Amino acid sequence: MLISMNWISEFTDLSGVDLKDLINRFTLSTAEVEDIYEMGKDIKDVVVGKIIEVNDHPNSKKLHLVKVDIASEVVEVVCGAPNVYVGAVVPFAKLGGRVGDLEIKEIPVAGVVSRGMCCSEKELGISDDNSGLMIIEEDYPLGTDIKEFMDLEDIVFEVDNKSLTNRPDLWGHYGIAREIAALNKRPLKPLELLDSSVYKDLGSIDLKLEDKERVYRFSCISMDNISKKKSPTNMRIRLTYCGMRPINLLADLTNYLMMEIGQPMHAYDNNKVKEIRVKTFSEPFEFLPLDGVKRKVDTDTLMICNAKEPIGIAGVMGGELSSISDDTSSVLLESANFDGTSVRKSATKLGLRTDASSRYEKVLDPEMTVTAIERFMKLLLDIDPGVKVTSSLTDSYVQHYDKIVVDFDKAYVDKYTGIDISADMMEETLSALGFDIDRNGDDFRVVVPSWRATKDVTMKADIVEEITRIYGYDNFDIYSTNSLLSPIRHSLKRDNEYRIKRFLSDKYDMNEVHSYIWYETKLLKEIGVHTEPNIRIINSVTAENDTIRSTIIPSLLGFVHKNVDSSPEMGMYEIGRVADGLNKDGLCNEKKRLGLVLASKILSEEEVFFRLKEAISQVIMEIKNISPEFVENDTINKHNYVHPVNSAGICVNGKEIGYFSVLNPRIRNNMDKKLHVAFAEIDIDDLETIDMVPLQYKEVSRYPGVTVDLSLLVEKSMRYEELAGYIDLYPCQYLNKYYLVDIFEDENLLPGKKSVTVRFEFVSMDRTLEGDEIQTMVDELLAVLNTKNIELR
Amino acid sequence: MLENLDKIKQQFHDELNAVESKGELEKIRVSFLGKKGLVTQELKNLRDLTPEEKKTAGMKVNSLKQEIEKAIVEHQKILEEREYLEEIKSAKVYDFTIPSSREVGTLHPITIIQKQIEDIFKTMGFIIEDGLEIQTEYNNFEAVNIPKNHPARDMQDTYYLENGQLLKTHTSAAQNTIMRKYGEPKKGEPLKVLFPGRCFRNENLDASHENTFFQLEGMMIGDDISISNLIYFMKVLLSEVFERDVKVRLRPGFFPFVEPGFELDINCAICGGDGCATCKQTGWLELLPCGMIHPNVLSMGGIDPDKYTGFAFGLGLTRLVMMKYNIKDIRMFNSGNLKQLRQFTR
């Protein structure tokens, strides 16, 4: 919103005030000022001139040679305006003067020298009227600088509208002036009004509010015999400077009032309005507002009607048919207060956000409606004294806001602020902002002014804000809290997430990625990944991506697909959320999952598979000090991207927390036949239910150990884990550890079998083991294995 | 005998001068000092002499032995030095400008900055908390003083789910849960908590708009937390985050969950506060919203607003990461594009 300092100075004295500094304080105490414009600086040496002679231009039909009397001299200029006539009094820019970007110099125009310029309103920045020369109707001596009677010089600042959303009182100059007066510690002048009670004996307007929920108050008055059509120059300058286009006196006055006190008003042609009804309709219908675009109006939209005929959309815009024109001499003036939410919804539905609707949305003070009419009448009668009021001020006030009384004391404010603001200063500030104050020492009882009581100020904390913002946050002493020291319990779970990430990135050179919480349907379709139905978003702007993921793997496979052309090798992981269906309360069962994927065109599929298995084992080891077990799990086969054979569940302490798999060849072939991919998903929440095994130091023997490699012949289908189980059947205190060295398979040499070489380490804590002791233990071990049909090769 | 020693000495020096390798040197050592070496033989021959002769001859033989030993050691050194110089001369010269080819793993840029900020807050005694991404309307709106029909519900383009839940639009959705988890703080021991999180807005993507982004929110609640404390903490914390002595400025700002609410500006790092294009000539950059937690929000969190006060602040983490790394297109974060993500090697 644009604010004119000239306008503000009508309501509070600004003499001797540094305006730039004041605007900065306004930003810090009230609302953000985005820009400051110095108006009128680019108009120089423009004086009142009278056209005393008009002659045709020898070389042009459009141009005229004009003689202008500016008292000190008569100047000859070339003028292109269509409305030149002898006797016209116009703004005339002298040589050496300036009009906007134009410096006035002696120049030939179509071969004739011109020594000045007659100006239009647009050239002077008064309005956008460029149809011809501005005609000065008032009687000023020729040669008078126009700045002596036109308020062209002004400081205009633009306030960020967003920072005013909670301040309905600041949507007009008078409210801004109140803030500035409080900041300057100078008084705010009362608005000059016309006392409407003088018309109370005139007949009232036929007004009925059929809907009493969407409307708070409706005030109106009618008048006749309006003769002036054009607003005074200075009023038009103000409107233009504040971003409104001057139209005609009545329209300008309603806009002027809206800009001045924030109350939207509407003037209807009084000949077209006999009985005002405010209501909704039971059927949708079409309506033509002033902007000329026909709209469908629904049954929730409040309308102003002449009897049954709708003539305006309440709080949004009047209708075309009842609108005033330049010739209207009899009007009905509406000044009403509608429910903010209702207006916002109507404006949104109609796609018609107006200056009026955006003010109503902020929840305006209904006390303003009559003030606005009385101010309007005062201004109108000053401009056009012949106007005749034809009705009493008709006012239907159906909903009142409660009077808000807040009790507080200085101690409360001190605690909230942490500093000492004197009770006198509190009183002074609140009083300047319009609060009624009943103070007893440090105890206050304040009544919130009506313009702040619609939603903005309701409680003690709000009062603190009023006091502190005017006091100035820059003036605060700042200090730390008086806190005791107490140890902070940090969540190990959170630390673990970071450790997992660091581990995978540092040890396995993987890249952390972030993906969306929903399935990206198009991408997954490309690679043929099917997803399970899951809870959906009902209003996504990208409608196809509406299913919340129940597993993180499809997101990662999508990323593999996106990168496959540029990265022959990749490792990615994400810790992200999924919705694992709904819980018994119908809420999403949100889980945090770790997804990993390795892909390579260089390593074999088996190498990728085992590298991923190692990463999983190591990462679980890293944070839990437990080696996971891998088990068969048929349920994961429901996913069409899981490999039917090369996949397994991941178990920690017997609890299954995830699975890993080679990518199903069907999906792989959709990406790249040569790409070897394995992926895993681990539920972080489940993993975190498992306690970490504390690390224990184990004494090592001072005596050398002896290692023995045994190649064992087993069935080809036997998994290593089964073999290990049989080895564990042999109880031997000196068998310190054993591990796999090699697996050899050769269908010709060893049909149906394979040779598994295991290295056994025997060691004693108290002596060196003798050769024959070792041999005895090996024999005993082989005897145990023989019972399971396992022979030495 | 003495003549013999002179001959041996002469022979040794002649042979030594011809030695070119360590192997030859060892041979000479053996042939003079070994068990059957010439010098050893002379030492043995001393037995046959009279004590008088033995004394003179013994000294001579031993002196010859020492001379030979020393000469061998010195020659050894010369040979080693020569070998060394030879190796260096013939060494293959490695091109140290050849780049290393290992692609190291990376963290997501959000993780990197988030961790840095978490660590700063930890040093100031903040607990780090986490919240759900799928939230109830109550937690996301009502509990932070945004009632039904509030315009903020229109403005925040919310993703609603079939079951009435929603994807959280701001980290403030976790406030109520955290307050209830920790309860009213003990006297003098304010609750200090930081809760980063992923938030969602239902809007179309472009270079500066993402539907999925990160925020980072903090709260401090206690029996005497004031606006003065808020300004102090913000100044200290932001100085740490930006690694410079930050000046802060508070302006009134309206957010339903705080009262009073502020927009916090920091002095512009580019111009130091004098005014430049980055800060639109104001010297200040709008950084984060903050304020004193609204009494209604405390009440709904089970904390008595007559006894306790608190402040809260929110930081656009994604925006901060963009500032720190000079990232122009916000879509990079969720792209999974390894060419982009592999750059964040911390």
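Predicted model: local features only at pLDDT ≥ 70, side-chain atom pairs only at ≥ 80, totals over all residues.

User: What are the spans of the C-alpha trace of chain B along its principal axes, and how many helices and strands does the chain have?

Analyst: The trace spans about 125 × 50 × 50 Å along those axes, and the secondary structure of chain B comes to 12 helices and nine strands. Chain B is more spread out than a compact globule, because its radius of gyration is 41 Å, well over the 20 Å that the globule rule gives for 346 residues. Of those 346 residues, 40% count as buried. If one takes the contacts in chain B between residues at least 6 apart in sequence, 67% of them join residues at least 24 apart.

User: How many residues of chain B are in contact with chain A, and which element gives the largest share of that side of chain B?

Analyst: Contacts link 63 residues of chain B with 76 residues of chain A. The largest share of the chain B side, six residues, comes from α9(B), while other elements that give two or more residues include α5 (109-123), β5 (212-222) and β7 (258-267) of chain B. Sorted by class, this side of chain B has 26 nonpolar, 22 polar and 15 charged residues.

User: How should I read the packing of two helices, and at what angle do α10 and α12 of chain A cross?

Analyst: Two packed helices are described by the angle between their axes and the distance between the axes. In chain A, the axes of α10 (residues 410-417) and α12 (residues 460-471) come within 10 Å and cross at roughly 75°, which makes α10(A) roughly perpendicular to α12(A). The contact is made by Tyr412(A), Val413(A), Tyr416(A) and Thr417(A) on α10(A), and by Lys460(A), Val464(A), Ile467(A) and Thr468(A) on α12(A). By class, this contact has five nonpolar, two polar and one charged residues.

User: Which residues are buried in helix α7 of chain A, and what follows that helix?

Analyst: An α-helix has 3.6 residues a turn, so residues three or four places apart point the same way. In α7 (residues 340-350) of chain A, the buried residues are Gly340(A), Ser342(A), Val343(A), Arg344(A), Ser346(A), Ala347(A) and Leu350(A). Gly351(A), whose phi is positive, near 65°, follows α7(A).

Definitions and conventions
Residues numbered from 1 in each chain as written. Chains lettered and ligands numbered in written order. Contact = placed C-beta atoms within 7 Å. Helix = DSSP H or I, 4+ residues; strand = E, 2+ residues; numbered from the N terminus. Nonpolar A, V, L, I, M, F, W, Y, C, P; charged D, E, K, R; others polar. Buried ≥ 20, exposed ≤ 12 C-beta atoms within 10 Å, placed from the backbone. Rg over C-alpha atoms; globule rule 2.2 N^0.38 Å. Axes fitted to C-alpha atoms, helices over the stretch in contact; angles between N-to-C directions. Parallel < 35°, antiparallel > 145°, perpendicular 65-115°, else oblique.
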